[in-house]
Amino acid sequence: MPVSVTTLEALIQTPSAADFRASILSALEDLGFPVTSWETDGVAYQIVSVVSEQLSLVTLVQRGIASGGFLDLAAALKNDDGTDSTPWLDLLSTYLYAVPRIEAAFASGDYEVSNSNAFAVVLAPGDIRAVNADGYTYTSATGGSVPAGGTLSITITADQPGVTGTAPTGTVTIQDGPTGLSGTNLAAIIGQGQEPNVALAARCRAKLAALSPNGAAAAYAYFAPQGTTSGGAPLGVTRTGLLAGHYEYGTIPTPPYPGQVWLYAATASGPLGGGASPPATSGACYELWSYLMRWCVPDAVRLRVLPATVSLIPVTATVYVRTADIVVGDVYAAISAYFGSIPIGGVRIGAVGILPFSGIIDAIHNLSGSVKAVSLTTPANNVVLLPSDVPALNEFASSITIEVAP
Amino acid sequence: MSFRDEIRTISPPWLQDGYGERLLYALALQVDAIAEAARQGVRARAPGAEGTPSDALLQIGRDRLIVRGKYESNATYSARLTRAFEAWQRAASLEGMMRALQSLLRDADTQVRAITWWALWALIPSWEAPVAYEWGWQDAWSWGWPGPGDNPPTYWDWGQVYVVIYPTTPGQWEQATLGAGLTLGSGAWSVGVAEPPEVVQAARLVADQWRSAATRVRVIISWTSDWPSHPLGAASTYQQADETWATNHTVVGGTAVPSRYLGAAYLDPVG
């Protein structure tokens with residue numbers, strides 16, 4: 001495939017073996033070979049075919065080289081199974097932008113323990129082992145006293161990092177623990193896998209604003225996902241929304257006031273924990289506030305970190321599948337994961353932030369190749385979100401039906 | 001040395017001429033093509049390097065968050081991309097944001113001014129000229145621009161920064177008004193300014209990317225080169241940027257004039 005000075009678009013193409021075979025045969029014909037009379041199972045033709053196959057494979061490497069210098073192109077590289085191909089983007093992000101990929105995190109969530117005994121049960125961290133519907137396990141990270149006939153809210157953490165720790169509401173049960181205890185998760189637990197290529201590329205771009213000491217808006221978006229507690233534990237922030245303070249003459253002053261910056265924060269599971277900081281001096285919002293103060297907040301700016309507001313959204317849908325290879329819980333998990341990817345305030349369309357109606361259908365469709373169609377009744381249109389809103393699935397008001405339609 | 005040449009030298013004598021030589025030549029030709037593509041693939045990431053494909057500049061610009069100006073040549077844009085990391089070190093400064101907007105809309109020597117809510121007037125009079133700073137206000141009740149921050153004599157949108165882009169050639173930012181043959185969606189004009197919507201949107205995007213997190217920015221495209229001018233200029237320059245700063249009119253020389261200057265297009269604020 002002779003190449004002159006060409007376009008980047010051409011450099012990321014991968015010619016097929018047939019393309020190479022045609023090119024080689026054309027060159028041979030120009031050199032005097034009677035290629036049109038060659039039998040396709042003859043020695044010469046077969047040599048050309050085998051070499052063409054090899055050359056086509058080599059162009060996959062060449063495409064990686066060309067794509068590997070650009071964030072979007074490197075992020076778009078895929079493995080044979082359709083998953084993100086990470087090596088080229090990791091090279092670019094690590095050695096040009098100095099932004100390493102965020103590894104998979106251990107899912108964590110609230111868990112309500114009920115005590116059917118006639119006496120209180122005292123739990124220490126690690127006393128409860130729980131399991132989700134897929135067989136992946138969790139260990140209690142906190143403890144306390146479960147009163148007789150009462151309940152206690154504790155925190156459980158997945159034993160394995162990544163999305164295997166995801167569990168829809170009410171699907172995590174106690175596997176091992178003191179007699180007479182049962183438990184359930186009152187909200188979905190969302191596991192966070194290795195940072196996807198698209199998200200890593202976005203952080204690389206946000207890093208540019210972090211080069212300035214002046215507190216550019218995008219710098220906050222860059223540092224927040226890296227926020228840790230004072231002990232170094234990741235806060236798991238995946239989404240941020242920023243509001244600059246200002247005051248318009250003739251209006252009643254409302255915060256944020258001039259000189260203030262409000263940052264709404266959320267994890268994949270929902271709003272960042274703890275109260276708004278300031279005034280809070282403990283909790284996740286405070287930890288993020290103190291982290292950001294260290295990295296990107298100029299002295300004259302008053303930063304406030306607030307938990308994003310949960311906007312509960314019910315979903316009613318019928319999913320038509322060729323074979324019954326998914327269950328309702330899978331659909332809830334897919335929708336929850338999709339909601340978890342929506343930025344705070346929604347996807348901006350002009351001056352309005354929305355939860356795109358079409359994204360819900362896509363999330364369900366992408367669950368399995370056997371999904372033939374998705375009929376979405378609720379929401380019936382794009383859902384408008386406020387600047388502080390993060391969407392969360394309202395499972396109690398939702399209804400998912402799966403119909404096998406071969 | 002190409003693979004086409006090299007393959008002959010490493011072949012046994014009976015493949016160095018005749019059909020054998022030609023067969024290997026045709027195969028090595030493909031390897032040369034792949035090697036050339038790999039070489040260009042590496043060079044593509046270097047803006048301005050010899051042989052960089054022109055469409056690679058678009059990708060580099062996306063990676064470095066440098067929006068290409070409508071009138072910008074490959075050479076000028078490549079130079080800006082090369083200095084992108086240096087430029088980003090000035091993000092969130094008044095000058096950094098002004099220069100980013102100046103670059104976006106540059107066709108000659110676009111003049112850019114910024115006015116902060118605490119009465120600082122900054123001007124970049126021409127391409128790469130240093131920023132000229134002034135601080136001032138009129139002690140008159142009809143004065144509609146910001147006053148000193150600690151003792152405001154008049155009204156303004158606290159926390160907001162205005163960036164004004166002036167025309168460098170007559171008619172560059174020609175006023176586009178609906179009617180007289182111009183309808184919504186017709187031609188390549190946005191409402192209020194004779195530029196396509198993507199140019200106007202790019203100006204807001206750049207302002208948002210380069211602003212400080214603590215400020216809200218409104219970009220104003222002025223159709224005239226003399227408004228707003230010096231903070232201590234003539235009374236006719238008292239007219240304000242928009243109606244958020246004051247009531248809908250002020251009195252100049254005993255005559256009511258609109259608060260919003262009618263010779264400019266006001267883009268929605270970002271932040």
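In the predicted model, chain B and chain A bury about 4,600 Å² between them, 68% of it on carbon and sulfur atoms. Buried area here is the accessible area (1.4 Å probe) that two parts lose on being put together, summed over both. On the side of chain B, the residues that lose the most area to chain A are B:Gln30, B:Asp63 and B:Ala213, which together make up 14% of what that side buries. In this predicted model, local features need pLDDT of at least 70 and side-chain atom pairs count only at pLDDT 80 or more, whereas totals for chains, interfaces and linings use all residues. Residues are numbered from 1 along each chain as its sequence is written, chains are lettered from A in the order in which they are written, and side-chain values use heavy atoms, with hydrogens and water left out.

Contact (heavy atoms within 4.5 Å) involves 51 residues of chain B and 55 residues of chain A. Between the two chains, 15 residue pairs are in polar contact, both residues being at pLDDT 80 or more; a polar contact is a pair of N or O atoms within 3.5 Å, where within protein one must be able to donate a hydrogen and the other to accept it, and residues adjacent in sequence count only if both atoms are side-chain atoms. Helices H2 (18-43), H3 (54-64) and H5 (84-88) of chain B each give two or more residues to the side that touches chain A. The largest share, 17 residues, comes from H2(B). Helices (H or I, at least four residues) and strands (E, at least two) are DSSP runs, numbered from the N terminus.

The interface also holds 2 salt bridges, defined by a side-chain nitrogen of Lys or Arg within 4 Å of a carboxyl oxygen of Asp or Glu. One salt bridge joins A:Asp72 to B:Arg62, with the closest N and O atoms 2.4 Å apart.

Chain A contains an open sheet of 3 strands in the order E16-E13-E19, with mixed pairing; strands pair if DSSP finds at least two bridges between them. Strands E16 (371-378) and E19 (399-404) of chain A are at the edges with a single partner strand each, so one side of each has no neighbour in the sheet. Strand E13 (residues 316-321) of chain A is joined to E16(A) by 6 bridges, in antiparallel fashion, and A:Ala317 stands opposite A:Leu376 in E16(A).

A further open sheet of 3 strands in chain A has the order E14-E15-E17 and antiparallel pairing. Its edge strands are E14 (347-349) and E17 (383-385) of chain A.
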